[in-house]
Amino acid sequence: MSITIDWFAFVQVFVAAMLATVLVVGFYSLGLRLLVRAGRVPVVGPAEFTDAITVITVKDAQRAAKAAAKAARKSPLTPAQRQIAAVGAYISFALCGLAVLGGLLLIVFNH
Amino acid sequence: METATLIVVLVIVLALFFDFTNGFHDTANAMATPIATGALKPKVAVLLAAILNLVGAFLSTEVSQTISHGIIREDEINPNAFLPLIFAGLIGAITWNMFTWLLGLPSSSSHALFGGLIGATIVGAGWMAIDYSVVLSKVILPAVLAPLTAGIIAFTATRIAYAITRRYDTKPDGRDGFRFGQIFTSSLVALAHGTNDAQKTMGVITLTLIIAGVQSPSQTAPELWVILACGITIALGTYMGGWRIIRTLGKGLTDVKPAQGFSAESSTAATILSSSALGFALSTTQVASGSVIGSGLGRRGATVRWRTAGRIMVGWLFTLPASAAVGGVMAVMVAWLGGWGILIDAVFAVVVILTIFLLSRRNAVTAANAMSEVAESGTAVKVTRNPPPTRRQRAAVRDEARREKEGSK
């Protein structure tokens, strides 16, 4: 009885997963970076669960919103440059979504 | 013939029960992070995870085919003797799964299933009834390599996420936005869970149907009703188990920063999905744990707590042989006592399930004593409160010192 192992399959998994993750994380991070440049810093609202923990307090959220508004006011970019950065951010988010969709379609149609 | 039909029904019921516990157990892996970081409300998160597990069950059937047409050599076994062995293997898997769950030991539902089946088959049908080539290449090697792969990828992704969003002034860096992103990445993890874990039960049921002569051996894909039943059961388990995770949030996950969680979940989903496409039967818990450790190490100044990491890994290594031993003992009963053995196994399973259920109710799950295994693996990485400066920060400090020196002259 001989044991054969397809080592190439493991390489395939590593390369495909690495590529997909780097594309998704890279594009999403770039989108956030551009969103910040556009003066639209994302702030998540406060969250609290009765049986668990307070994740973000109202105070934390208010502080983050205040810092975001201050950074937006002091942005050195012109309104046009900010607009371009915002468009770039949304394109990055769209590319991130397309990378996910592409990966899923590959799995469905290769099956 | 009637006994065979009864055993087929029993195996299907037991396999679906295993599927349910799998969903129940693993909801926390997918959805604890977005709930903990405030990205999703618990009710929405749990419902989303359940629906995506169901969808995932339909995406690919490669893993199911690995189990139904790979691990066990159907041509080497006697069909009539083998059905009770699948039953014994399932009881071994469920017993081990519930035992480790009660004691809070790190374990893998998937490996418990493989272990139970392999142990029961070896005892009942001999060593030659197992295709070791498939076991090694599609179960054992992925078990070792997949968490490592996920860890390396999560490490790289975390570095990329921090590098792109890092700011050298004190202005907001926008990393809060990763909390929103986690809604999508954790959904992908739930989807990936459906493509891998629901498949395992489909594989067992398909194998049973082939052995019983209900399905042709040439038909590799599971029947539609099998896919549907397994998908619905795992989704139901996910939904029911979800409420437990709300209590597990007090510990562990609060140390996972949104950028880190986003990278870890992306890596987990990508590794499981690409592995599922090639038919590798993975433990999703192990892959998610590998990602959490890798992403923790991706943060500046992080070091591994080898003792904790070692304890988790020993638990993983132990699962397959331990559940194989339990499955083997159950199979011995069947081999020695025939119909009575099946009855004893069934009674044993009911007693174990009921006892563990009652014990778990007595020891209520609280934030102090409950924690998802993935969250626990996060404690294997120690992140310093004041990470060392980056190269650019060091250069800025040097420049400032030089300017001060020149100014004082």
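Along the sequence, chain A of this predicted model runs in the order α-β-β-α-α, with 3 helices and 2 strands in total. Of its 111 residues, 30% count as buried. Among contacts between chain A residues at least 6 apart in sequence, 70% join residues at least 24 apart.

Helix α1 of chain A, residues 7-37, and α9(B) have axes that come within 8 Å and cross at roughly 145°. The crossing of α1(A) and α9(B) is right-handed. On the chain A side the residues involved are A:Val13, A:Ala16, A:Ala17, A:Ala20, A:Thr21, A:Val24 and A:Val25. They meet residues of α9(B) that include B:Phe262, B:Ser263, B:Ser266, B:Ser267 and B:Ala270.

Helix α9(B), residues 258-277, also packs with α10(B), residues 284-297: their axes come within 8 Å and cross at roughly 140°. This crossing, too, is right-handed. In α9(B) the contacts come from B:Gln260, B:Ser263, B:Ala264, B:Ser267, B:Thr268, B:Thr271 and B:Ile272. Their partners in α10(B) include B:Thr284, B:Val287, B:Ala288, B:Ser291 and B:Val292.

Another element that involves α9(B) is helix α3 of chain B, residues 62-71. Of the 10 residues of α3(B), 9 are buried, so this helix is largely enclosed by the rest of the structure. Among the buried ones are B:Glu62, B:Ser64, B:Thr66 and B:His69, along with B:Val63 and B:Ile67. The buried residues of α3(B) pack against α5, α6, α7 and α9 of chain B.

In soluble globular proteins, nonpolar side chains tend to be buried together. Here the largest nonpolar core has 131 residues, and those with the most contacts inside it are A:Val24, B:Val11, B:Ile86, B:Phe87, B:Ala88 and B:Leu90. Helix α7(B), residues 177-211, gives the most to this core, with 15 residues. A:Val24 is also one of the α1(A) residues that meet α9(B).

Two neighbouring members of that list can be followed further. Leaving aside residues up to four places away in sequence, B:Phe87 touches B:Ile7, B:Leu10, B:Val11, B:Leu14, B:Ile342 and B:Asp345. B:Ala88 lies in helix α4 of chain B, residues 79-103. B:Ala88 counts as buried because it has 33 C-beta neighbours inside 10 Å, where 20 or more are required. B:Ala88 and B:Met330 are 242 residues apart in sequence, yet their C-alpha atoms are 5.1 Å apart.

Helix α11 of chain B covers residues 306-337. At 1.5 Å a residue, its 32 residues should span 46 Å, and the end C-alpha atoms are 46 Å apart, which agrees. After α11(B) comes B:Gly338, whose phi is positive, near 60°.

B:Ala221 lies in the loop between α7 and α8 of chain B. B:Ala221 counts as partly exposed because it has 17 C-beta neighbours inside 10 Å. B:Ala221 and B:Glu265 are 44 residues apart in sequence and 29 Å apart in space, C-alpha to C-alpha.

Notes: Residues numbered from 1 in each chain as written. Chains lettered and ligands numbered in written order. Predicted model: local features only at pLDDT ≥ 70, side-chain atom pairs only at ≥ 80, totals over all residues. Helix = DSSP H or I, 4+ residues; strand = E, 2+ residues; numbered from the N terminus. Buried ≥ 20, exposed ≤ 12 C-beta atoms within 10 Å, placed from the backbone. Contact = placed C-beta atoms within 7 Å. Expected span 1.5 Å × (residues − 1). Core = buried A, V, L, I, M, F, W, Y, C linked by C-beta atoms within 7 Å. Axes fitted to C-alpha atoms, helices over the stretch in contact; angles between N-to-C directions. Left-handed = near helix turned anticlockwise from the far one by under 90°.
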